[in-house]
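The following note sets out points for a colleague who is reviewing the model. Each point takes up one topic.

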Amino acid sequence: MNFRNIKNVPYYVFGKGAIRALGDLLKNVPHSENGRVVFCIDAFFKGRDLINLIPTGKKDIIFYIDTKDEPKNTDIDYLRDQVGSELPYCVVGIGGGITMDVAKALSNLLTNGGQAAQYQGWDLVKGQGIYKIGIPTLSGTGSESSRTCVLTDEARGIKLGMNSDFTMFDQLIMDPDLSVTVSRDQYFYTGMDTYFHCVESLRGSYRNVVVDALSEKAVEMCRQIFLSADMMSDENREKMMIASYLGGCAAGNVGVIHPVSAGLSIALKMHHGIANCYAMNVLEEFYPAEYAEYQTMMTKQKVKLPKGIGANLSNEKYQQLLNSSVIHEKPLTNALGKDFRKILTDEKMISLFKRM
Ligand code: ZN
């Protein structure tokens, strides 16, 4: 077939307090009397009020996901081994992009077998995973609606997703009340991920009308949010949840920001959202208008990005930053054409990192 067949998340509930629908939604997922659910919950929520709203049963497994570091493919192998041979009927991910990606990857691995690393790439997942429910508590990555879950492969020095229709959630619960506890900096860094995905897509050469329409709307909403007096007002958190969802539906064709950000995550273990911000901070020549707008947003929201993180690193580190950025040929070609290495030479790339 010459046409790509596009999948979206089939069901979502949206609105303040929507998390209370989880119990009924779980009842509707076919399962035996002895069936169990695996919950992947951001460790941030351990002991907090949110936990009381989650209908867990005695047989269910709860994994509190440590989000200090981004998830590795071997972490997913470990969780799969913890679940054992008795498969759950549902995997529920409650948290930010990291936790949702872990839930998606675990669901795939439980039914597909082998090691998580085997499925990192384009359409390598062979069959349906366990039924997945996603409940974002932080908006911006678009993981809730995208067909990927990004995992670090330390052996290969690359961040790579299980990019597959099977990776998508079957059901979402989008409840803006859940993002009220996040810190302002984290909210900004993560929310800007939507803005960056979408402007990279709109500035690239791989385009289509649907993706452009979704991206334009998501960027417009980000402008309303981050150029307003309070990005975290009730109305703006609700809006951010939808912008992130739209951005996730549009995701795929990034440009220069995401490869540079991936280098920072691999070499300096930096989280994705803040790494994007560091990347954009030195990419004014490629995205002049968006760079200016991003600076205005940061000033308006009083968010700081400490300087000097790329100064005085070892040559080995600069080499690692360089390698783990330019390896992302598809987005860099999307942004700069197939001769992108004539523009992003070794010297050029290292000078960008030094300026951070
Ligand atoms: Zn991103």
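How many cavities of 30 Å³ or more does the count come to by this rule?

1. Basis of the note. The model is predicted: local features require pLDDT of at least 70 and side-chain atom pairs pLDDT 80 or more, while totals for chains, interfaces and linings use all residues. Residues are numbered from 1 along each chain as its sequence is written, and side-chain values use heavy atoms, with hydrogens and water left out.

2. Cavity count and volume. The count comes to one cavity of 30 Å³ or more, and about 40 Å³ of space lies in the largest cavity. A cavity is a set of points, on a 1 Å grid over the protein atoms alone, where a 1.4 Å probe fits but cannot get out; lining residues have an atom within 4 Å of a point. Grid points are joined across faces, edges and corners, and the volume is the space filled by probe spheres set on the points.

3. Cavity lining. His197, Cys198, Ser201, Ser215, Gly247, Ala250, Ala251, Gly252, Asn253 and Val254 form the lining of the largest cavity. H5 and helix H7 (234–250) are the elements that give two or more residues to this lining, and the largest share, three residues, comes from H5. Helices (H or I, at least four residues) and strands (E, at least two) are DSSP runs, numbered from the N terminus. By class, the lining has four nonpolar, six polar and no charged residues; Ala, Val, Leu, Ile, Met, Phe, Trp, Tyr, Cys and Pro count as nonpolar, Asp, Glu, Lys and Arg as charged, and the others, Gly among them, as polar.

4. Aspartate 193 in helix H5 (residues 184–203) and histidine 258 in helix H8 (residues 257–268) are 65 residues apart, a pair that links distant parts of the chain.

5. Burial at the site. Aspartate 193 counts as buried because its relative accessibility is 1%, and histidine 258 is buried at 12%. Buried means under 20% relative accessible area, exposed over 50%, and partly exposed in between (1.4 Å probe, protein chains only).

6. Helix H9. Eight of the nine residues of helix H9 (residues 272–280) are buried, among them His272. The cover over its buried residues includes S8, H5, H8 and helix H10 (288–300), where contact means heavy atoms within 4.5 Å.

7. Histidine 328. This residue lies in the loop between helix H11 (315–326) and helix H12 (329–336) and is buried, with a relative accessible area of 16%. Apart from neighbours within four places in sequence, histidine 328 contacts Ile158, Lys159, Pro259 and Ala262.

8. Strand S9. Gln171 and Ile173 point one way from strand S9 (residues 171–174), Leu172 and Met174 the other way, and all are buried. Strand S1 (residues 11–14) pairs with S9 in the parallel sense over four bridges, and leucine 172 is the bridge partner of tyrosine 12. Two strands pair if DSSP finds at least two bridges between them.

Key: 1 Å grid on protein atoms, 1.4 Å probe; cavity = no way out; pocket = protein on both sides within 12 Å on 5 of 7 lines; lining within 4 Å.
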